[in-house]
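This report looks at a few local features of one protein model, beginning with a single side chain and moving on to strand pairing and helix packing.

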Amino acid sequence: MDGARVLIAAGATAVCCFVCAFWVFRSSSSSSPASPKKHQSPSTNCCGCASCGCRDAKPANGEMAVGGENKKKAPEPDPPEAPSMMEQLVPEITTHALSYLDYTSLCRLSMTNSAMRRAANDDGAWKALYHKDFTVEQGTINPPNGWKAYYAATKAIINLNAEFYNIIREGSLPAMSRFWLNADYVKCIHATGEFCPGYNSVMESWGLLFSWGQDGGQGIGFQIRDVRVRVLGEMAWVNMKANVDVDPLVFHVTNVYELCNGRWYMVHHHSSLMAHPAPHNMFG
């Protein structure tokens, strides 16, 4: 009796193992893709049929089958950006609008975006700004590096020229000695008519001027106006009118600067008293 029970249990176990193995085999066969046919007809097309002729049929996965190969569809390019309001303006209107900006605002505008940079770097805008801030006397010149670079160079010379009169006001001979180029060809002609050729002679003259200055050795304060600057390569000259703070006498002044080793130095100073105009004869 016990032997029969053992045989029954063994047979039932074998039957269960066989059923499980068969079920696993069917599940794996149904889930795996069908293997390609070894002897497929050459006329069979991309969809697997031999008669529809759909060479460019689009499968459900969104890929395009061309020439027997599946290739992904190329993404569509982004639409071009719409031009900004500044780009839509007529160039003459843009230049006129930018002419109301000052030097600092125009430089800041050029750092906002590419469209504003192109507009702010327009040569016509910088020419108009130059004429507004400095002079229209040089309207016919053509700066080799453009009006923006010419504006910057002119502004640098104006600041340098103002520093020259600050040194005179302070009466600082060491600062004046650094301001001039140490060369034999420098010249200085003071308003007294004294002519000083060469660096050493120029420095001696300024030393005497500062020692005779106002308030026991202090410098002299000048007021300058009608400043005109011309920059040409490594040379620049400035013409202006100057007078002592409370003195009505007016002087014509010419200062010449030279660019040496990346720095501007004074090489010539000429000051002369302005002649009074002849009295007008109303009777001819």
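## A buried asparagine

In this predicted model, asparagine 243 has a relative accessible area of 11%, and because that value is under the 20% cut-off, asparagine 243 counts as buried. The residue belongs to strand 6, which spans residues 235-244.

The side chain of asparagine 243 is in polar contact with the side chain of arginine 225, at 3.3 Å. Leaving aside residues up to four places away in sequence, asparagine 243 touches Gly221, Phe222, Gln223 and Arg225, together with Leu249, Val250 and Phe251.

## Strand 8 and its partners

Strand 8 (residues 263-273) pairs in the parallel sense with strand 3 (residues 187-189) over three bridges, and here cysteine 188 stands opposite histidine 269 of strand 8.

Strand 8 also pairs with strand 7 (residues 251-260), in this case in the antiparallel sense and over ten bridges; threonine 254 has histidine 270 in strand 8 as its bridge partner. Strand 7 and strand 8 form a hairpin with two residues between them, and asparagine 261 in the turn has a positive phi of about 55 degrees.

## Packing of two helices

Helix 6 (residues 123-133) packs against helix 7 (residues 146-170) at an angle of about 30 degrees, the axes lying 7 Å apart. Because angles under 35 degrees count as roughly parallel, helix 6 is described as roughly parallel to helix 7.

Helix 6 contributes residues including Trp126, Leu129 and Tyr130 to the contact, while those from helix 7 include Trp147, Tyr150 and Tyr151. By class, the residues of this contact divide into six nonpolar, three polar and four charged.

Note on methods:
Residues are numbered from 1 along each chain as its sequence is written. This is a predicted model: local features need pLDDT of at least 70, side-chain atom pairs count only at pLDDT 80 or more; totals for chains, interfaces and linings use all residues. Side-chain values use heavy atoms; hydrogens and water are left out. Helices (H or I, at least four residues) and strands (E, at least two) are DSSP runs, numbered from the N terminus. Buried means under 20% relative accessible area, exposed over 50%, partly exposed in between (1.4 Å probe, protein chains only). A polar contact is a pair of N or O atoms within 3.5 Å; within protein, one must be able to donate a hydrogen and the other to accept it, and residues adjacent in sequence count only if both atoms are side-chain atoms. Contact means heavy atoms within 4.5 Å. Two strands pair if DSSP finds at least two bridges between them. Axes are lines fitted to C-alpha atoms, for helices over the stretch in contact, and angles run from 0 to 180 degrees between N-to-C directions. Angles under 35 degrees count as roughly parallel, over 145 as roughly antiparallel, 65 to 115 as roughly perpendicular and the rest as oblique. Ala, Val, Leu, Ile, Met, Phe, Trp, Tyr, Cys and Pro count as nonpolar, Asp, Glu, Lys and Arg as charged, and the others, Gly among them, as polar.
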